[in-house]
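Student: I am new to this structure. Please take me through one part of it closely, then show me what lies around that part.

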Amino acid sequence: MVRENEIRENEVAVSPPEPVDAGLTFIGRTRTPWESRLMCPRQGRHDGPLCRIEIFEPWVPALAGVEAFERLEVLYWLDRSRRDLVLQSPASNGKVHGTFSLRSPVRPNPIGSSIVLLEGVEGNVLLVRGLDCLDGTPLLDLKPDRSLFKPIAPPQPGDFETGDAAEAKHCQKA
Ligand code: SAM
């Protein structure tokens, strides 16, 4: 079984435009037990090993208040992925699926997300369970799990809109 950057039976790669990643800032990195994709979990689990998320300066003050949340959403950059497959065969059996119907790390913009359990905060380091990324994977963002978060800012009209507002016609299918 190989799960690195190989192309499998019936998979389709394209020639994507040269990626431009300059709009993103890596705010930290994950420290996990996994050096190899062959050992990494496919999805993290909340009873999995304790991992560390290290936040870099100048972003450390942005951790203020995270300790109030039992779970955090973590967004990371799957930096060792290929980015050119449109059809993929996760089971390596010739049966292919569109990239956007999968949570595969192989995607044009290799963003991974996990909901992790927050076990502790030690200065610039979060102790979490539930990651599924390689040691050193760059961190893009952290947010409270949406099911635990109530907006602090006052409500806006759109918060109360239901159904199809007249102004929203452009959202409808042609
Ligand atoms: N939980 C995330 C999601 O659903 O968006 C990621 C799921 S993805 C299937 C997890 C797999 O990505 C791991 O099993 C490993 O094979 C691969 N992976 C982890 N870290 C990576 C990295 N830094 N670069 C490339 N691939 C990585």
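Which residue in β6 is the bridge partner of Leu87?

Tutor: Gly98 is the bridge partner of Leu87 in β6. Keep in mind that this is a predicted model. Now look at the strands that hold this pair. β5 covers residues 85-88 and pairs with β6 in the antiparallel sense. Two bridges join them. Strands of a sheet pair through backbone hydrogen bonds, either parallel or antiparallel.

Next, widen the view to the sheet. It has three strands, in the order β1-β5-β6. The sheet is open, and its pairing is antiparallel. β1 (12-13) and β6 (97-98) stand at the edges. Each has a single partner strand, so one side of each is left without a neighbour in the sheet.

Start with Ser92, in the loop between β5 and β6. Ser92 is not a glycine, yet its phi is positive, about 50°. Ser92 has 14 other C-beta atoms within 10 Å, so it counts as partly exposed. Then go to Asn10, in the segment before β1. Asn10 is not a glycine either, and its phi is also positive, about 75°. Asn10 counts as exposed because it has 12 C-beta neighbours inside 10 Å.

Now step out to the whole protein chain. It has nine strands and zero helices. Buried residues make up 18% of its 174 residues. Take contacts between residues at least 6 apart in sequence: 76% of them join residues at least 24 apart.

Turn to the largest nonpolar core. It holds 17 residues. Ile53, Val74, Val116, Val128 and Leu131 touch the most other members. The elements giving two or more residues to this core are β3 (51-55), β4 (71-77), β7 (111-122), β8 (125-129) and β9 (138-144). Beyond its neighbours within four places in sequence, its contacts include Val74, Val116, Cys51 and Gly44.

Between β3 and β4 runs a loop that contains Pro58. The peptide bond from Glu57 to Pro58 is cis, with omega near 10°.

Notes: Residues numbered from 1 in each chain as written. Predicted model: local features only at pLDDT ≥ 70, side-chain atom pairs only at ≥ 80, totals over all residues. Pairing = 2+ DSSP bridges. Helix = DSSP H or I, 4+ residues; strand = E, 2+ residues; numbered from the N terminus. Core = buried A, V, L, I, M, F, W, Y, C linked by C-beta atoms within 7 Å. Buried ≥ 20, exposed ≤ 12 C-beta atoms within 10 Å, placed from the backbone. Contact = placed C-beta atoms within 7 Å.
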